Amino acid sequence: MSSPPGKKGSPPRGSPPGDDYAAGTTGGHQHYLIADSGDSSTEDDFWDSDTGSLMTDTTSLREQIYAQIVENGRRYNANAAGQSEYQFPVDEMEQDRLDLMHHIFKLLLHGELYISPIGENPQRILDIGTGTGIWAIEVADLFPSASVVGTDLAPIQPTWVPPNLEFQIDDCEGEWTWGKDAFDFIHIRYLRAAISDWPRLFEQAYNSLKPGGYFEFQDPDLLFLTDDGSLPEDAALTQYINYFHKACEKRGKHTLGQPQTVADELRKIGYDDVKVVCQKCPQNPWPKNQHMKTLGRYSLLNLLDGLEGFAMKLFTGALGWKKDEVDVFVMRLKQEALNKNYHMYFNYYFVSGRKPLSAV
Ligand SMILES: C[S@@+](CC[C@H](N)C(=O)[O-])C[C@H]1O[C@@H](n2cnc3c(N)ncnc32)[C@H](O)[C@@H]1O
């Protein structure tokens, strides 16, 4: 686990890697080491063409943290082997989309950040896979006397944050080193297609919670549902969802049906006071109800901004599609997304569970 050295040296949001980045090219992918000003790193410092490895003996942790890949026009986080475990971009466009999604999650909870009854005075809070850190920042502001930690594989968090918040680079699928009884509240949102072993994650969270502490999971079910059958079965959007789940499965991420099973998995591990809130979220502004229409507007924007990133790496990598095929398919998806005759929605799941007070 290591703290990112802040956003200094990371690519400014919105700008493609420029002179500040050392770049190497292999197999059509570009590998970037994002260097601080004054850093004299060169391609040789981080890309070993003999071993095909991103790391060399002298590669520092900082270099490992900031290694990134540019592939088919999008920027991804890279691990020590120069690969991206996470199938979605972490570039400026995606960061903006994550902040939009934060707004959608909050709208679904009518302005709240969570459903767990954590009381007025939580002391230690963990946000796993924090992304741009927007949830963690708001929680830290809400509880100034709490200490909040946000973790992520990618160093895409801002440096100007509340003094009671810190970000750490950490793989939540690795062995947790937080210790026993470390947190009052652990939160994970929108990591569905990123996790290979959910029960293990739930168990590690259980072990790191204080007795009486809460764990909370938030995620959509990623199925275009309708109550009136208005989305045709042969629609590109329906096909897309099938391809998406198939590709995730190929990458070892089990996404189908997952949010519906979270409550049972939490109970099995020993959580009590398990609560599920399921909210409908229209995917374009088809509803008449104003709140639902607003949700639909934001969700449509999320689709228009997000579809390329959801599909590009997954479909080219796991399904063997060409970039052009993804581009054409995404165009069809966007056209359909705009069609208000399709009364489609996602179900968003908010699942909360408590480590029993009697737990040892
Ligand atoms: C879709 S974003 C969600 C971000 C944030 N939770 C939110 O709701 O705004 C998923 C984030 O999880 C991070 N991630 C993926 N796999 C991870 C892992 N194994 N450990 C920690 N973070 C991970 C990604 O880098 C990305 O920032």
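**Helix pair, then sheet**

The model is predicted: local features need pLDDT of at least 70, side-chain atom pairs count only at pLDDT 80 or more, and totals for chains, interfaces and linings use all residues. Residues are numbered from 1 along each chain as its sequence is written.

Helices and strands are DSSP runs, numbered from the N terminus (helices H or I, at least four residues; strands E, at least two). Helix α8 covers residues 290-318 and helix α9 residues 323-337. They pack at about 155°, with axes 9 Å apart. Axes are lines fitted to C-alpha atoms, for helices over the stretch in contact, and angles run from 0 to 180 degrees between N-to-C directions. I therefore note α8 and α9 as roughly antiparallel (over 145 degrees).

Next I listed the contact (C-beta atoms, placed from the backbone, within 7 Å). Helix α8 gives, among them, L300, L303 and F315; α9 gives, among them, V326, F329 and L333.

Then I turned to the sheet. It is open, has seven strands and shows mixed pairing, in the order β7-β6-β5-β8-β9-β11-β10. Strands pair if DSSP finds at least two bridges between them. Strands β7 (165-169) and β10 (272-282) are the edges, each pairing on one side only. The twist averages 15° from one strand to the next.

I checked β8 (residues 183-189) against β9 (residues 209-220): they run parallel, joined by six bridges. R189 stands opposite Q218 in β9.

Key: Angles under 35 degrees count as roughly parallel, over 145 as roughly antiparallel, 65 to 115 as roughly perpendicular and the rest as oblique. Two residues are in contact if their C-beta atoms, placed from the backbone, lie within 7 Å.
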